[in-house]
Amino acid sequence: MTLLTIFNDFNTLYTWVLLPLMIFAARIVDQTIGTLRLVFLSKGYKNIAPILGFFEALIWILVVRQVITEIDDPLCFVAYAAGFAMGNYIGLIIEERLSVGNVIARVILPNEDLVLVEALRQQNFGFTLIDGEGRNGKVKIIFVVLNRMNLPKFLDVINKINPNAFYSIEDVKQVKEGIFPKSNRRFFGIKV
């Protein structure tokens, strides 16, 4: 086996395996960071988004440069697109696990069903209870703003007390005051 044969074998391995894998991996990292950046921006964490944006752009430039130099290699294009898709998926999974931000939950109960209200009080959830009217008559509406980390506990209380309760949950961009614990959580050293 000559040096030229070894070089050609490595070149083939690099072109058809290593380079597409590197592009795929870099694109996953880049797009995961990009997804997290957009999530943090939408939730009002403007101190984290620029840092993530810097690394996202840096990785993207390096990957695009490499893809353009290998313009004839279709595997590089496939790796680029697959890394983009996988990065979105991984970014959303990470965001879900971080449970960053606050949500508002609305729970609608029949007027006479106040057992859930007492259970929420016992679990120290802050809430607002108002009277309302639905298709079938009078109802109670519970509004709760809580940290997303506490959402599973909140839903557990609802499902144990009233598994058929109607509720809706939405993200909240900003909250001032309220009855819920403050977060001492940090993401890359920055308080979130």
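User: In this predicted model, what makes strand 2 and strand 3 a pair?

Analyst: The bridges do. Strand 2 (residues 128–134) and strand 3 (residues 137–147) share 7 bridges in the antiparallel sense. Pairing needs at least two, so the strands pair. Thr 128 stands opposite Phe 143 in strand 3. A hairpin of 2 residues joins strand 2 to strand 3.

User: Which residues touch the most other members of the largest nonpolar core?

Analyst: Val 107, Leu 116, Leu 120, Ile 142, Phe 154 and Ile 158, out of 18 residues. Strand 1 (102–110), helix 4 (115–122), strand 3 and helix 5 (151–161) each supply at least two residues. Helix 5 gives the largest share, 5 residues. A second, separate core has 14 residues, among them Ile 33 and Leu 52.

User: Why is the pair of Phe 40 and Tyr 45 called edge-to-face?

Analyst: The ring centres are 5.9 Å apart and the planes stand at 85 degrees. The cut-offs are within 6.5 Å for pairing and over 60 degrees for edge-to-face. Phe 40 and Tyr 45 are both buried.

User: What lies over the face of Tyr 80?

Analyst: Arg 27, at 4.5 Å from the ring centre. The distance limit is within 6 Å.

Note on methods: Residues numbered from 1 in each chain as written. Predicted model: local features only at pLDDT ≥ 70, side-chain atom pairs only at ≥ 80, totals over all residues. Heavy atoms only, no water. Helix = DSSP H or I, 4+ residues; strand = E, 2+ residues; numbered from the N terminus. Core = buried A, V, L, I, M, F, W, Y, C linked by side-chain atoms within 4.5 Å. Buried < 20%, exposed > 50% of the residue type's maximum accessible area, 1.4 Å probe, protein only. Phe/Tyr/Trp six-rings, centres within 6.5 Å; stacked < 30°, edge-to-face > 60°. Lys NZ or Arg CZ within 6 Å of the ring centre and 35° of its normal.
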